[in-house]
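This report walks through a two-chain model, from its overall make-up to a few single residues. Please keep the sequence and the structure in view while reading.

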Amino acid sequence: MNATVRNLLYVVYGLVFGLTLSRSGAADFNYIQKMFLFEDFQLYGILASAVTTAGVGLWLVKRYGRTITGEPVQIKGKTVHVGNLVGGALFGAGWAVTGMCPGPIMVNIGEGKIYALAAFAGVLVGTWIFGYFYFPLQKRLGLPSVFPAADAGAGKGKSAAVSGGGGC
Amino acid sequence: MELPFGTMPLILNDLQPWHWAVSGGLLGLIAVLLMFTLNTQFGLSTTFVDFCALGSRLPFFDRPAVRRTWRLWFAGGLVGGAVLSAVLGGGWAPTWDLGLFDSQIGYGALGKTAWMFGGGLLIGLGVRIAGGCTSGHGIMGLATLQWASVRAVLSFMVAGILMANLLYRVIY
């Protein structure tokens, strides 16, 4: 599959995903709050059916072992660390405050919700802050390294550069 | 006792939401198709790392794994799908409408901007520390039975429940 076809497919999948998020309630401020307040179970139903569908489908894909173009399928495991809990708690608080998780922020922008642009900017800055403090955070919380090959040598050098207050 | 599902119209043009099983099924299907057709592991929070990588030279952002990847194409699709949703569902118009927030908290445009920026900061920092969000941990991670994802999902659900209850049942 050439790059143009791949990118086109990503856009098409994004379109379907965005349309579904928009019309399901998963990108709706009220539905998010009522999920957390246990007043409407729409989003619990959505999460359960999404996990079930993906679970069965991915199990079949893994069993088949290859993609449609014959590449071997690899699903990387998620690393267990204390950050799952600490970061999860920060994210959950932010999700309730904004009524949006990362995908729905982009969906709300598309729908014309002006305030979603502020949430978008907030997530960008939050992500940047993480990037700025990546090396100390990674060490303190035991996060997986994003520099697997260069870990031993270059990683340390970069770490020193960052704590010295390098670029942005 | 019957649990309430889809009991209210969406903020977007007062549309009635799709059935939860259809919605969730479609979301899960996209995660499967990404894997089966494009060998791509689904997750949306890293999209923001891609966006930062467009402008930042910090080592964390200066990596091929987040340099102009598929995520930007998918994000374009997300925004396009949402525009389509509005256009097909009664018309697209910019709005500040925020449902429950307007009726219970009631801040204006400036207040909403600050509120959303603050919440966004928590999300941006939180998802990176947690290693994923509702899609990477919630859908992909739970579907492939990752213990890390069970921990992250429990943590963000509990925090969300506490925060929403604090905001709408205690403070406001």
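## Terms and basis

A residue is called buried if 20 or more other C-beta atoms lie within 10 Å of its own, exposed if 12 or fewer do, and partly exposed in between, with C-beta atoms placed from the backbone. Leu145(B) is exposed by this rule, because it has 12 other C-beta atoms within 10 Å.

This is a predicted model, in which local features need pLDDT of at least 70, side-chain atom pairs count only at pLDDT 80 or more, and totals for chains, interfaces and linings use all residues. Residues are numbered from 1 along each chain as its sequence is written, while chains are lettered from A and ligands numbered from 1 in the order in which they are written.

## Chain A overall

Chain A has eight helices and zero strands. Helices (H or I, at least four residues) and strands (E, at least two) are DSSP runs, numbered from the N terminus. Of the 168 residues in chain A, 51% are buried. Two residues are in contact if their C-beta atoms, placed from the backbone, lie within 7 Å. Among contacts in chain A with a separation of 6 or more, 41% join residues 24 or more positions apart.

Confidence is given as pLDDT, the predictor's score for each residue from 0 to 100. The average for chain A is 91, and 89% of its residues score at least 70. Residues 153–165 of chain A fall below 50, and this stretch has ten contacts in the model beyond near neighbours in sequence.

## The nonpolar core

A nonpolar core is a set of buried Ala, Val, Leu, Ile, Met, Phe, Trp, Tyr and Cys residues joined through C-beta atoms within 7 Å. The largest one holds 101 residues. Ala54(A), Phe91(A), Ala119(A), Ala31(B) and Ile139(B) touch the most other members. Helix α5 (residues 109–130) of chain B supplies the largest share of this core, ten residues.

What does Ile139(B) touch, leaving out residues up to four places away in sequence? Its partners are Ala50(A), Val51(A), Ala54(A), Leu27(B), Gly28(B), Ala31(B) and Phe42(B).

## Where the chains meet

In the interface, 120 residues of chain B are in contact with 104 residues of chain A. The chain B side divides into 77 nonpolar, 38 polar and five charged residues. Here Ala, Val, Leu, Ile, Met, Phe, Trp, Tyr, Cys and Pro count as nonpolar, Asp, Glu, Lys and Arg as charged, and the others, Gly among them, as polar.

Tyr10(A) sits in helix α1 (residues 3–24) of chain A. This tyrosine is buried because it has 22 C-beta neighbours inside 10 Å. Leaving aside neighbours within four places in sequence, Tyr10(A) contacts Trp70(B), Trp73(B), Phe74(B) and Gly77(B).

## Helix packing

Axes are lines fitted to C-alpha atoms, for helices over the stretch in contact, and angles run from 0 to 180 degrees between N-to-C directions. Helices α5 (residues 102–111) and α6 (residues 115–132) of chain A pack at about 145 degrees, with axes 8 Å apart. Pro102(A), Ile105(A), Asn108(A) and Ile109(A) in α5(A) meet Ala116(A), Leu117(A), Ala119(A), Phe120(A) and Val123(A) in α6(A). By class, the residues of this contact are eight nonpolar, one polar and no charged.

Between the chains, the axes of α6(A) and α5(B) come within 6 Å and cross at roughly 35 degrees. This contact has 17 nonpolar, eight polar and two charged residues.

Is α6(B) largely enclosed or exposed? Ten of its ten residues are buried, so α6(B) is largely enclosed by the rest of the structure. Among them are Thr134(B), His137(B), Ile139(B) and Met140(B). They pack against α3 (42–64) and α5 of chain A, together with α1, α5 and α7 of chain B.

Leu145(B) follows α6(B), in the loop between α6 and α7 of chain B. Leu145(B) is not a glycine, yet has a positive phi of about 55 degrees. Asn39(B), also not a glycine, has a positive phi of about 50 degrees. Asn39(B) lies in the loop between α1 and α2 of chain B. With 19 C-beta neighbours inside 10 Å, Asn39(B) counts as partly exposed.
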